[in-house]
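The structure is shown below.

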Amino acid sequence: DDMANALDPRQAWEPYKPDDKNPWNLKKVGHLYRRAAFGGDWNQLQTGLQLGPEKLIARLLSGGPATADFEKETLGWGDIIRKVNNGPQATEWWLYRMLYTTHPLQEKLTLFWHNHFATSYAKVLNAGYMMGQYDLMYQHALGDFAALLQGMSKDPAMMIWLDTIQSKKGMPNENYARELMELFSLGIGNYTETDIREAARALTGWEIKDGKFFNNAAQHDATEKSVLGQTGRWKGEDVVRICLEQKACPRFITRKLFRFLISDTLPMPPELIDPLAERFGKDYQFGKLVETMLRSNLFFSEHAYRGKIKGPVDYVLGIVHALEARIGTTNLARSLETLGQNLFNPPSVKGWDGGEAWLNGQTLLFRQNLALTLCETRKREKEGDRDTQPLPILLANRHGKKDDAELVDFFLQLFLQGDTAADTRKKITDYAQQTKQQKYPDYWSDSRKAEHRVTSVCPLVLTLPEFQLD
C-alpha cells in the first residue's frame, strides 16, 4: 500500500535523494518554495532546479547574506509605528517584511508561531506590544522552543491578551494557565482542571511596568502547588518548565508543524511522529525539526504535494512574488482582511481554522478579483520610462516571452510549474487565440491589443483550482 510506505517512519523521515523514479524537477522546487517561503519567482525556480534539494534547503534555512541589512532598514519604520500606536500600519509593516525579506522561511515560521500563540491587536490595543511579540517569535522562529515559550509567558501583548496582569494572590486568573497547556504546549487530554487551577496560582503577581514584564512579589502566591505531578513552591517559570518536561509537549508541537509543513489531512500515527518528537524534546531546537521535515522523503512525496489549501497570505504573496512586483502593502493588507486573514488580528485564541475554512463562495470571488487587480496593476519597467505597463507584460518582456504558446507555457510554469491537465492548457491557449479575433475599439493600437491578451491570460491561470492549492 502506497500510503503505508509513505508513512513508514524508516522511509518517511530519510532525506529525499532524487532518482529516475522520483526526479528533482520544477514541481518539487515550486512545492518547496510554497511551503518554506511565500512562493518563488521565475529566477528562484530556475536556480532551485540547478541547485538541487540539499543546497536549496540549506539556502532557505540560512537566509540570504543581506538579511541583517534588511532587518535594520525595517526596524526604523517599526519605531515610528510604535510611537504613534497604529495597529493597521503594523500589519502593513509585517507584510512588507514578508514580501521583501531575504529570509522567507524565518518569516513563514513567524507566521506559524503567530497562529500558535494567536494574539490580537483588537484587545491588546498597543502596536508596540504586538510588534514586540512579533520580534520574540521572529527571533526564535527557527530556534529554541523552550526559550520561546518562557519568553511568550512574560510577553506584554500575551499578558494583556490572556489576562495574566489581572492575576493576584487570592484571585488567580486561569486564562493563561489554561491556554499554556491546551493550545501552547500539551493539547487537550494531557492535563486536568486541577493542574490549571494550581498553575494559575503560580502565575500570580506578573504585571507590566514601564512597558515591560514585572514580577510583583507582594501579589505572588508563594505557597505550595502541585502541577502535573510535581509539587513545590512553584513560580510561573516553573510551570512553563514542567509543561516542557511532559512527554506530550514535543509530540504536540511536532504534530502541529507536520500539519503546517507537510499535510493537514494525512494521518499521523504515533510511530511516525514519536521518533521526531523524542529527538525534538531533548533540546527543543525547532530549526532541526524543521530541517528534518523539509529534507524528508515524505515532504517530497505525492501525499504532501498540493495537499493543502493556500491561506490568504500565501495566495497573495505568491502572486506578487511571481509577478516580480515592487508594490506597497497598504492595499494588500486590506485585501487580506477580505480574504479572512488579518495579520495581528486572529479571530480567537485558537488562531485561524485554516484548511477548507479559507474557501467559500465569497472568499473565492475576492481571490479572483484580487488576481485580476494585480494583473492589471501598471508599473514602469525602470526609472525614467514614460509609459507604465501591466505587471504581466513587464514580466513577459523581462523573460523574453512573445507569442501566445510561449506566454501560456510561461505562466503555467511560473504559477503552477506546468502542473495542469492537457485540456486545461488547451482551453487557455484557445482563449488566447480568441482574444486575437476579438472586436477591439478602432483607436486601440496593436500593442494595446497584445497587452490585453496577456493581461487576460495571466489572471485566468491564477483562477484555476490548482492555484488555490499549496
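## The hairpin

In this predicted model, strands β1 and β2 form a hairpin with two residues between them. Asp210 lies in the turn and has a positive phi of about 55°.

Strand β1 covers residues 206-209 and strand β2 covers residues 212-215; the two run antiparallel and are joined by four bridges. Lys209 stands opposite Lys212 of β2.

## Helices α16 and α18

Helix α16 (residues 248-261) packs with helix α18 (residues 286-295) at an angle of about 45°, and their axes are 11 Å apart. Because angles between 35 and 65 degrees count as oblique, α16 is oblique to α18. Their crossing is right-handed.

On the α16 side, the contact is made by Ile253, Thr254, Leu257, Phe258 and Leu261. Helix α18 contributes Phe286, Leu289, Val290, Met293 and Leu294. By class, this contact has nine nonpolar residues, one polar residue and no charged residues.

## Helices α23 and α24

Helix α23 spans residues 404-416 and helix α24 spans residues 422-437; their axes come within 10 Å and cross at roughly 135°. The two helices are therefore oblique to each other. The crossing of α23 and α24 is right-handed.

Asp404, Val408, Asp409 and Leu412 make the contact from α23. From α24 come Arg425, Ile428, Thr429, Ala432, Gln433 and Lys436. Sorted by class, the contact of α23 with α24 has four nonpolar, two polar and four charged residues.

Definitions and conventions: Residues are numbered from 1 along each chain as its sequence is written. This is a predicted model: local features need pLDDT of at least 70, side-chain atom pairs count only at pLDDT 80 or more; totals for chains, interfaces and linings use all residues. Side-chain values use heavy atoms; hydrogens and water are left out. Two strands pair if DSSP finds at least two bridges between them. Axes are lines fitted to C-alpha atoms, for helices over the stretch in contact, and angles run from 0 to 180 degrees between N-to-C directions. Angles under 35 degrees count as roughly parallel, over 145 as roughly antiparallel, 65 to 115 as roughly perpendicular and the rest as oblique. A crossing is left-handed if the near helix is turned anticlockwise from the far one by less than a right angle, and right-handed if clockwise. Contact means heavy atoms within 4.5 Å. Ala, Val, Leu, Ile, Met, Phe, Trp, Tyr, Cys and Pro count as nonpolar, Asp, Glu, Lys and Arg as charged, and the others, Gly among them, as polar.
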